[in-house]
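Hi everyone, thanks for having me. I'd like to walk you through one structure today, so please have a look at it while I talk.

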Amino acid sequence: MSKPLNTWQAVGALALAALLYAPVANAQTASAPVVTGASAIDPARLVIARDIVAIAFPADKREAIFGNAIDAMLDQMRATMFNSMKNDPGAEKIVTGKVDGFVAGSKVILRSHIPLMLDAVAEAYTREFTEAELTEMHAFVKTDTGRHFFQRSSAVMSDPSFKAANEAYMRDLMPSIEKMRTELVEELTAYLMEHPPKSISES
């Protein structure tokens with residue numbers, strides 16, 4: 001029977017899994033995704049929405065805006081979820097290196113998907129806001145304040161006040177994560193002992 005994962009292994013695995021929910025992870029190709037269950041897009045609204053996005057997220061700043069949001073999330077994860085590795089520098093170095101490598105590679109993948117994601121944002125705007133509301137948003141984003149608001153919204157994640165509040169939430173969440181980790185390892189180990197995974201050629 002396989003040995004259960006110890007704490008630092010589980011924390012590292014959960015950290016990597018959490019990163020999969022960043023907007024870089026589920027992308028496989030840069031082709032347009034298939035959208036199901038969405039209402040029709042109003043062409044007039046879409047023109048306005050796309051211009052809002054183009055002004056709010058200029059091409060030369062888009063990658064930094066997305067990347068900074070990922071970095072802010074990761075910094076807060078390091079301060080809480082990785083805390084149990086502080087007494088094991090070797091383990092910390094391994095997990096940190098693996099996560100850093102994953103994030104760097106994810107940002108490369110992200111680069112080609114940003115245009116599709118922002119176009120998806122524009123389409124979402126057309127479903128969420130009326131044409132009158134989009135027109136008001138368009139007027140706002142054309143102002144210095146509007147551009148600053150849109151471009152720096154993700155920077156709120158790095159603000160000391162938000163950072164402290166979010167890290168406090170993560171610390172309180174850790175017992176639940178540890179409980180889930182223990183149960184998940186035990187249940188998966190038992191399941192895989194009874195149902196060994198098939199090789200790709202057998203599936």
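Let me start with a question: how many residues apart are Lys163 and Glu167 in helix α7? They are 4 residues apart, and in helix α7, which covers residues 160–194, that puts about one helical turn between them. Before I go on, a quick reminder that this is a predicted model.

Back to our pair. The side chains of Lys163 and Glu167 meet in a salt bridge, at 2.8 Å from N to O. How covered are the two partners? Lys163 is partly exposed, because its relative accessibility is 31%, between the 20% and 50% cut-offs. Glu167 has a relative accessibility of 10%, so it counts as buried.

Glu183 is partly exposed, with 33% relative accessible area.

Now hop over to helix α6, residues 144–152. Asp144 and Arg147 both sit in this helix, 3 residues apart, again about one turn. Asp144 makes a salt bridge with Arg147, with the closest N and O atoms 2.4 Å apart. Asp144 is exposed, since its relative accessible area of 59% is over the 50% cut-off. Arg147 is partly exposed at 28%. If you count up the salt bridges in the model, you get 8.

Okay, enough charge; let's go nonpolar. On the surface there's a nonpolar patch made of Met180, Leu184, Leu188, Tyr191 and Leu192, and together they have about 470 Å² of accessible area. Take Leu188 as an example: you'll find it in helix α7. Leu188 counts as partly exposed, with a relative accessibility of 42%.

What about the inside? The largest nonpolar core has 29 residues, and the ones with the most contacts inside it are Ile52, Tyr125, Leu134 and Phe150. The elements giving two or more residues to this core are α2 (43–56), α3 (62–80), α4 (89–128), α5 (131–141) and α7. Which of them gives the most? That's α4, with 8 residues.

I'd like to stay with Tyr125 for a moment. Tyr125 is buried, because its relative accessible area is 15%, under the 20% cut-off. Leaving aside residues up to four places away in sequence, Tyr125 touches Ala49, Ile52, Val53, Leu134, Met137 and Phe150.

That brings me to the aromatic rings. There are 4 aromatic pairs in the model. One of them is Tyr125 with Phe129: the ring centres are 5.8 Å apart and the planes are at 70°, so the pair is edge-to-face. Phe129 is partly exposed, at 25% relative accessibility. Phe149 and Phe150 also form an edge-to-face pair, 5.6 Å from centre to centre with 85° between the planes.

And Phe150 has come up a few times now. Phe150 is buried, with a relative accessible area of 12%. Together with Phe140 and Phe149, Phe150 forms one aromatic cluster.

Key
Residues are numbered from 1 along each chain as its sequence is written. This is a predicted model: local features need pLDDT of at least 70, side-chain atom pairs count only at pLDDT 80 or more; totals for chains, interfaces and linings use all residues. Side-chain values use heavy atoms; hydrogens and water are left out. A salt bridge is a side-chain nitrogen of Lys or Arg within 4 Å of a carboxyl oxygen of Asp or Glu. Buried means under 20% relative accessible area, exposed over 50%, partly exposed in between (1.4 Å probe, protein chains only). Patches are made of residues with over 30% relative accessible area and no salt bridge: like charges are joined within 9 Å, nonpolar side chains (Val, Leu, Ile, Met, Phe, Trp, Tyr) within 5 Å. Accessible areas come from the Shrake-Rupley method with a 1.4 Å probe; for residues, only the protein chains shown count as cover. A nonpolar core is a set of buried Ala, Val, Leu, Ile, Met, Phe, Trp, Tyr and Cys residues joined through side-chain atoms within 4.5 Å. Contact means heavy atoms within 4.5 Å. Rings of Phe, Tyr and Trp (its six-membered ring) pair if their centres lie within 6.5 Å; planes under 30 degrees apart count as stacked, over 60 as edge-to-face and the rest as tilted.
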